[in-house]
Amino acid sequence: MTIKEIQEEIIDEFSMFDDWMQRYEYMIELGKSLPLIEEQYKTDDNLIKGCQSKVWVHAELDGDKLVFTADSDAIITKGIIAILIRAFSNQKPQDIIDADVDFIDEIGLKEHLSPTRANGLVSMIKQLKLYAVAYQTQLK
Amino acid sequence: MIETTLDIQAIRKDFPILQREVNGHPLVYLDNAATSQTPQQVIDAIVDYYQRYNANIHRGVHTLSQEATDAYEAARQKIRKHFNIVHSHEVIFTSGTTQSINLVATGFNSFLKEGDEILVSAMEHHSNIVPWQMLCERTGAVLKVIPMNLEGELVMEEYHNLLTSRTKLVFCNHVSNALGTINPIKEIIEAAHKAGAAVLIDGAQAAAHIKADMQALDVDFYTVSAHKMCGPTGVGMLYGKEEWLKKLPPYQGGGEMIAEVTFEKTTYADLPHKFEAGTPNICGGIAFGAALDYMNSIGFDAIAQYEDELLHYATEQLLAIDGLKIYGTAAHKTSVISFNIEGIHPYDIGTIVDKLGIAVRTGHHCAQPIMDFYKIPGTVRASFSFYNTKDEVDKLVEGVTRAKNMLL
């Protein structure tokens, strides 16, 4: 599936919920399915700065596709990074670089995009894209 | 049952913001230690200034400038009286506690030499650690830490041991922002003076709860931010004993702080203007005075008594939640409760209760050394003011319970 198709699938799933509580409960569920980062990669270098909770993200190439793993010490943050990774993992770096993130608005998590939010959703997206830029250069 | 002589419902009507809704729920504002809300009386003072007599102060001969100067200086007098300060020129208007501390820290450059020591408490806000570290870097002085125990109280025996003839300055907050501990500042000041050291007390977290008496404390410097005590942001005070303020060099150069200027030499203005370069936050200063009037009209004794009852009620109710742990259990504390629930990150709790209209603070509260001490990433902090109610405490407890059920 393309990034766009996965994002639409996520939007569909979230559209089933009518209130914030169900959305958050689902997000917490998604957090549990997050492909976990290996302990050896939980280093300061892989820590995303600007979050109140700790978030580690690791990326590696599988052929011409980039695979992300991650973890966080906060459950909601884990859910957020799980959603992002579901959309961006196993994709070509160039597609990750080009992808837009409007789907965050549509699943009712727009409030987390505000720079005042300490959960660092903005930093997470930036970090995933930075990995993509780095590996794109490597692929060339 | 909470008994108070205060009419809390009438007081709540003074605060327009308390009438609003957040995420479809009536706002429950429990982040008062970060900033307090503003009563209509203070908002009116701000509006009145801009509508009737906005003008630059201290040198205009026209009526508006006179009126603005009078109001600004009247505010200085209110502050002097409130904190029982001898001279009004010992009241320096600043942008808040952080600037007040930096003013003193910078001024101490010329008083310190290599090997001198500065003592700071283990429960300081970052704004109370960094300026002293910078001062040590500039002068070669050494920063030493007064340790605290698990209850969040300073270990006073250790403090007395740390005080030597090398100690030049002692720095401590009156009340800890992260834990609510009320520190024994009278004892701290007396012992420091015996050792020949000056003392700066940060009153930012205390001023809304305790009416500090500068003469009784005999403190050398004391700092306050207006926005923590019903005033506006961007204004505060530095109290300094006259002898110290005369010795300290000016902090910033500019207008207002000079007596005479030629290209060869400038002579500085007398106190307090020596430390008030440029056009000050005139409206903020006047509104700070209005905030003191407001709080004094309610009465600090009644405020302290009511907040203490709220603290005890909230402590009891929160502790009934299984797995909840409170950090900071000092015998003397203000209405601040820092807590965590076992197995849950504070950020998660803060996010869920915000959805229920409850404002609490989560994180390290700019006091990372305290979090390191307890080996935790942060806490959830609920801080209560005199306009909070028992009903709001119940809503917090319900919200935290609901968050716990979702998250565990």
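Reply: Helices and strands are here DSSP runs, a helix having at least four residues and a strand at least two, numbered from the N terminus. The model is a predicted one. On that basis, chain A contains 6 helices and 2 strands, and from its N terminus the order of these elements is α-α-β-β-α-α-α-α. The radius of gyration of chain A is 14 Å, close to the 14 Å given by the globule rule for 140 residues, so chain A is as compact as a globular protein of that length. Along the principal axes, its C-alpha atoms fill a box of roughly 45 × 30 × 25 Å. Of the 140 residues in chain A, 37% count as buried. Among the contacts of chain A between residues at least 6 apart in sequence, 68% link residues at least 24 apart.

The helix pair itself belongs to chain B. A pair of packed helices is described by the angle and the distance between the two axes. For H4(B), residues 97-107, and H5(B), residues 130-139, the axes come within 9 Å and cross at roughly 15 degrees. Angles under 35 degrees count as roughly parallel, and H4(B) and H5(B) are therefore roughly parallel to each other. Their crossing is right-handed. On the side of H4(B), the contact is made by Ile101(B), Asn102(B) and Ala105(B); H5(B) contributes Pro131(B), Trp132(B), Met134(B) and Leu135(B).

Conventions:
Residues are numbered from 1 along each chain as its sequence is written. Chains are lettered from A and ligands numbered from 1 in the order in which they are written. This is a predicted model: local features need pLDDT of at least 70, side-chain atom pairs count only at pLDDT 80 or more; totals for chains, interfaces and linings use all residues. The radius of gyration is taken over C-alpha atoms; the globule rule is 2.2 Å times the number of residues to the power 0.38. A residue is buried if 20 or more other C-beta atoms lie within 10 Å of its own, exposed if 12 or fewer, and partly exposed in between; C-beta atoms are placed from the backbone. Two residues are in contact if their C-beta atoms, placed from the backbone, lie within 7 Å. Axes are lines fitted to C-alpha atoms, for helices over the stretch in contact, and angles run from 0 to 180 degrees between N-to-C directions. Angles under 35 degrees count as roughly parallel, over 145 as roughly antiparallel, 65 to 115 as roughly perpendicular and the rest as oblique. A crossing is left-handed if the near helix is turned anticlockwise from the far one by less than a right angle, and right-handed if clockwise.
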